[in-house]
Amino acid sequence: MKTLTSTPNKLPLVELHKEPDGSVSKAAFAKDVEAGLSKKNKTLSSRYFYDSRGSQLFQDIMALPEYYLTRSEFEVLTDQKEAIAAEVAAEGFFHLIDLGAGDALKTKILLRELHKQKQQFDYVPVDISGHAMQELTERLHHELPDVPVQAVVGEYIQALEWLQEHKSERKVVLFLGSNIGNFTSDESMAFLKIVRSYLGSGDKLLMGMDLRKDPNTILDAYDDKTGVTAAFNLNLLRRINEELGGNFDLNCFSHYATYDPQAGVMRSYLVSRKRQEVWIEAIGKMFSFTAWETIHTENSHKYSLEQAQEMGKATNFSIETVFLDKNQYFADILFAVK
Ligand code: AVJ
């Protein structure tokens with residue numbers, strides 16, 4: 001068995017970013033915005049939601065009564081932590097790689113349980129926000145001083161490079177919170193195939209998937225009464241104003257969310273409430289909006305367990321265990337590499 005002596009967990013962060021903390025490259029952002037707003041059906045990518053204000057708003061979303069996803073997954077992890085920890089740790093030392101770790105509130109349930117079970121592992125949280133990774137590293141140093149932490153700051157795809165560098169070591173990848181839901185079917189297949197290609201026999205992937213349910217329950221989660229989700233969506237325009245010198249008037253756009261129960265896709269848009277023109281300095285262009293023209297900003301996919309099984313099959317994973325909450329709203333699915 002491979003063992004690693006406990007290292008002090010204030011290792012320097014691995015910074016995969018070229019830009020300062022948390023920010024994506026401005027040029028890449030401008031290029032994506034230009035491409036998206038030049039399309040016939042305008043789009044902006046949900047990956048740009050998460051500047052510091054957007055991350056705060058997402059924290060607020062997670063506390064909403066309508067946003068069942070976080071509570072459901074919390075329940076899964078809390079009620080079944082013994083079984084989950086025992087299953088992922090069944091074969092000795094491993095790296096626990098947490099894609100999109102954030103404040104790791106949910107992962108900490110597992111970390112504490114793994115520690116309690118005296119499992120041998122180190123923790124590799126990965127997140128786009130350097131600030132979040134710095135804070136998490138420090139907090140874990142106090143809360144779980146025995147657990148070695150090696151935070152990685154970067155996007156998923158860059159984190160996968162970390163996986164490749166540690167190819168021969170045992171790994172458990174966490175992809176919690178229904179983050180897979182933002183990918184199109186093709187993107188999620190491609191993503192799972194890449195993850196799979198960096199894993200070896202005995203390695204595992206614990207993935208959080210939001211399940212199909214009453215369409216009204218889903219719709220409410222993305223169109224809350226207090227308007228937090230609307231503010232989260234509109235923040236994308238505020239971010240363009242701030243970082244790219246745009247002059248979007250946030251009062252002239254509104255949030256619209258709609259659920260397609262046959263495709264199992266929640267779709268979010270920003271709607272131009274009038275005919276208007278918006279200048280974006282960093283692009284050096286004016287963009288025209290007709291009245292009620294929309295910008296598509298996000299898809300959140302909902303899956304059946306059959307679909308999850310198919311995704312596993314198509315990407316060469318087998319489902320080891322499906323962990324569900326009492327309502328069966330949300331699944332944490334343990335995929336294994338045979
Ligand atoms: C972070 C992608 C899981 O799609 O449910 C929440 C983001 N968007 N409310 C989701 C989100 C609107 C969230 N994920």
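Here is a short tour of a few spots in this predicted model.

Some ground rules come before the details. Local features are described where pLDDT is at least 70, side-chain atom pairs count only at pLDDT 80 or more, and totals for chains, interfaces and linings use all residues. Residues are numbered from 1 along each chain as its sequence is written, and side-chain values use heavy atoms, with hydrogens and water left out.

Start with the annotated region. An unreviewed UniProt entry marks residues 29-335 as "domain: Histidine-specific methyltransferase SAM-dependent"; such annotations may be inferred rather than shown by experiment. In the model, that span is 40% helix and 25% strand, and its end C-alpha atoms are 34 Å apart. Helices (H or I, at least four residues) and strands (E, at least two) are DSSP runs, numbered from the N terminus.

Next, a pair of helices. Helix 3 (residues 68-79) packs against helix 4 (residues 81-88) at about 75°, and their axes are 5 Å apart. The axes are lines fitted to C-alpha atoms over the stretch in contact, with angles from 0 to 180 degrees between N-to-C directions. The two helices are therefore roughly perpendicular, a label for angles of 65 to 115 degrees. From helix 3, Val76, Leu77, Thr78 and Asp79 meet Lys81, Glu82 and Ile84 of helix 4, where contact means heavy atoms within 4.5 Å.

Now for strand 3 (residues 94-99). All of it is tucked away: 6 of its 6 residues are buried, so the strand is largely enclosed by the rest of the structure. Buried means under 20% relative accessible area, with a 1.4 Å probe and protein chains only. In a regular strand, side chains alternate between the two faces of the sheet. Here, Phe94, Leu96 and Asp98 point one way, while His95, Ile97 and Leu99 point the other. Strand 3 runs parallel to strand 4 (residues 121-127), and 6 bridges join them; strands pair if DSSP finds at least two bridges between them. Within this pairing, His95 sits opposite Asp122 of strand 4.

Ala104 is in the loop between strand 3 and helix 5 (105-116), and Ser178 is in the loop between strand 6 (171-175) and helix 8 (185-197). Both count as buried.

Technical notes: Parallel < 35°, antiparallel > 145°, perpendicular 65-115°, else oblique. Buried < 20%, exposed > 50% of the residue type's maximum accessible area, 1.4 Å probe, protein only.
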